[in-house]
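I opened the model today to trace its fold. My notes follow in the order I looked things up.

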Amino acid sequence: MPGHVPLHALHERADLPSSSRPSLRRVKRVLLADDDSEMATLIKAMLEERLSVIVDHVPNGALVLDQISATHPDLVILDVSMPGLNGIDVFDLLRGSASFVDVPVLFLTALPDRAEQAFARFGVSDVMAKPFDSDALVRRVDDLLARGTRVA
């Protein structure tokens, strides 16, 4: 075939590793359940800009289970106060489901005490209060995603 250049020759010219599979970090999925659309837009933009993630947003707890089944997120961020099912109810459903029991959950809420009580039964305390520091949120999400990778 005229003009055909072997793949290894392209790697050499581009000074790329000779592996045919570049070591790209897998993009993680985060599911954000928050009824405040402005807050959700801010969080989505911040996380997608600073981490290798795609953030899916649902405005109420009742949509979380459908979305989690469709997208298989690496992390779920829940607000406590939402219409439909609140974040505590959603958390209980996730932990009661064999399919979703291992998905890490971060409560991001103006009601951190309620969330911490919900988590206490499971020995987990991934709760951040609103308003939050954006750098702290990014670090916490990055840490939870890294922990999930090590477990998987």
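Predicted model: local features only at pLDDT ≥ 70, side-chain atom pairs only at ≥ 80, totals over all residues.

**Entry: helix α2**

I then checked the length. Helix α2 covers residues 37–50, 14 residues in total. From first C-alpha to last, α2 reaches 20 Å, close to the 20 Å expected at 1.5 Å a residue.

I looked at the start of α2 as well. There a side-chain oxygen of D36 comes to within 3.1 Å of the backbone nitrogen of E38.

**Entry: the whole chain**

I stepped back to count elements. The protein chain has six helices and five strands. Along the sequence I read the pattern α-β-α-β-α-β-α-β-α-β-α.

I also took two totals. Of the 152 residues in the protein chain, 40% count as buried. Of the contacts between residues at least 6 apart in sequence, 62% join residues at least 24 apart.

**Entry: the sheet**

In what order do the five strands form the open sheet? I read β2-β1-β3-β4-β5, with parallel pairing. The edge strands are β2 (53–58) and β5 (127–129), each pairing on one side only. From one strand to the next, the twist averages 20°.

I went through the pairings one by one.

- β2 and β1 run parallel and are joined by six bridges. In this pair, L32 stands opposite H57 of β2.
- β1 and β3 run parallel, with four bridges between them. L32 turns up again, now opposite I77 of β3.
- β3 and β4 run parallel and share three bridges. Here I77 stands opposite L106 of β4.
- β4 (residues 105–109) and β5 pair in the parallel sense over three bridges. The bridge partner of L108 in β5 is M128.

So much for the pairings; I moved on to burial in the strands. How many of the six residues of β1 are buried? I get five, and β1 is mostly covered. In β3, L75 and I77 point one way, while V76 and L78 point the other way. All four of these β3 residues are buried.

**Entry: helices on the sheet**

Which strands does α2 lie across? I list β1 (28–33), β2, β3 (75–78) and β4. α2 runs at about 170° to β2.

Helix α3 (residues 64–71) also packs on the sheet. I see α3 touching β1, β2 and β3. The direction of α3 makes about 170° with that of β1.

**Entry: recap**

Terms used: Residues numbered from 1 in each chain as written. Heavy atoms only, no water. Helix = DSSP H or I, 4+ residues; strand = E, 2+ residues; numbered from the N terminus. Expected span 1.5 Å × (residues − 1). Polar contact = N/O pair within 3.5 Å; in protein donor to acceptor, adjacent residues only side chain to side chain. Pairing = 2+ DSSP bridges. Axes fitted to C-alpha atoms, helices over the stretch in contact; angles between N-to-C directions. Contact = heavy atoms within 4.5 Å. Buried < 20%, exposed > 50% of the residue type's maximum accessible area, 1.4 Å probe, protein only.
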